[in-house]
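Dear colleague,

I am handing over the structure that we talked about, and my notes on what was found in it follow below. Please read them with the model open beside you.

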Amino acid sequence: MSSQDVIVIASDHGALEMKALLKQHMEQKGLTVLDLGTHGTDSVDYPDFADAVAAALLDGRAARGVLLCGSGIGISIAANRHRHVRAALVHDGYGARMCREHNDANVLVMGGRTTGPETAKDCLDLFLSTPFAGGRHARRIEKMS
């Protein structure tokens, strides 16, 4: 199995239920999911999980990732500290599609306390199915990499 077939997912305690929902959703679609935690309700630090997903992308264990925290804000800031990560905090399908099409995002970020389950699944499906448009957008992505 290549890393292109693996989606890495992680969350803090604020999005544990959403992580379980999205993991199950991906597995039902036949995707391989690398779950890096958290696995319990104890309070944890979201930067640790952003770092774990960034490491999985860097070392080739996965090609794309999903990160979740209560609002999605903190974990997206932490993830984007890594030069090879383009983490996009999205709230709807339009954002999920555009983050792939125009920004070649490799990590989808959502808030477990701010995004409903059906919207989250829709965003995930769009993130996974939308190709990068390239063209004029590629030049901009190169400036960030």
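Before the details, a word on the source. This is a predicted model, in which local features need pLDDT of at least 70 and side-chain atom pairs count only at pLDDT 80 or more, while totals for chains, interfaces and linings use all residues. Residues are numbered from 1 along each chain as its sequence is written, and side-chain values use heavy atoms, with hydrogens and water left out.

The overall fold

The chain has six helices and five strands, and from the N terminus on these elements run in the order β-α-β-α-β-α-β-α-β-α-α. The radius of gyration of the chain is 14 Å, close to the 15 Å that the globule rule gives for 145 residues, so the chain is as compact as a globular protein of that length. Here helices (H or I, at least four residues) and strands (E, at least two) are DSSP runs, numbered from the N terminus, and the radius of gyration is taken over C-alpha atoms, the globule rule being 2.2 Å times the number of residues to the power 0.38. Along its principal axes, the C-alpha trace spans about 45 × 30 × 30 Å.

Of the 145 residues in the chain, 47% are buried, a word that stands for under 20% relative accessible area, with exposed meaning over 50% and partly exposed in between (1.4 Å probe, protein chains only). Among contacts with a separation of 6 or more, 69% are between residues 24 or more positions apart, a contact being heavy atoms within 4.5 Å. As for charge, the mean positions of the 16 positive and 17 negative charges lie 9 Å apart; Lys and Arg count as positive and Asp and Glu as negative, whereas His and the chain ends are not counted, and the place of a charge is taken as NZ of Lys, CZ of Arg, CG of Asp or CD of Glu.

The cysteines

The structure as a whole holds zero disulfides, the criterion being a pair of cysteine sulfur atoms within 2.5 Å. Cysteine 99 counts as buried at 4% relative accessibility, and cysteine 123 counts as buried at 0%.

Individual residues

Alanine 10 lies in strand β1 (residues 6–11) and, at 0% relative accessibility, counts as buried. Leaving aside residues up to four places away in sequence, alanine 10 touches Lys19, Leu36, Gly37, Phe49, Val53, Val66, Leu67 and Leu68. Gly37 also takes part in a cis peptide bond, the one from glycine 37 to threonine 38, with omega near 0 degrees, and threonine 38 is placed in the loop between β2 (32–35) and α2 (46–58).

Another backbone feature to check is aspartate 104, in the loop between α4 (93–101) and β5 (107–111), where phi is near 50 degrees, a positive value in a residue other than glycine.

Histidine 25 is found in helix α1 (residues 16–28) and is buried, with a relative accessible area of 13%; apart from residues up to four places away in sequence, histidine 25 touches Lys121, Leu124 and Asp125.

Threonine 115 is found in the loop between β5 and α5 (117–129) and is also buried, at a relative accessible area of 9%, and beyond residues up to four places away in sequence, threonine 115 touches Met18, Val90, Met110 and Ala120. Threonine 115 and arginine 61 are 54 residues apart in sequence and 27 Å apart in space, C-alpha to C-alpha. Arginine 61 itself lies in the loop between α2 and β3 (64–69) and is partly exposed, with a relative accessible area of 38%.
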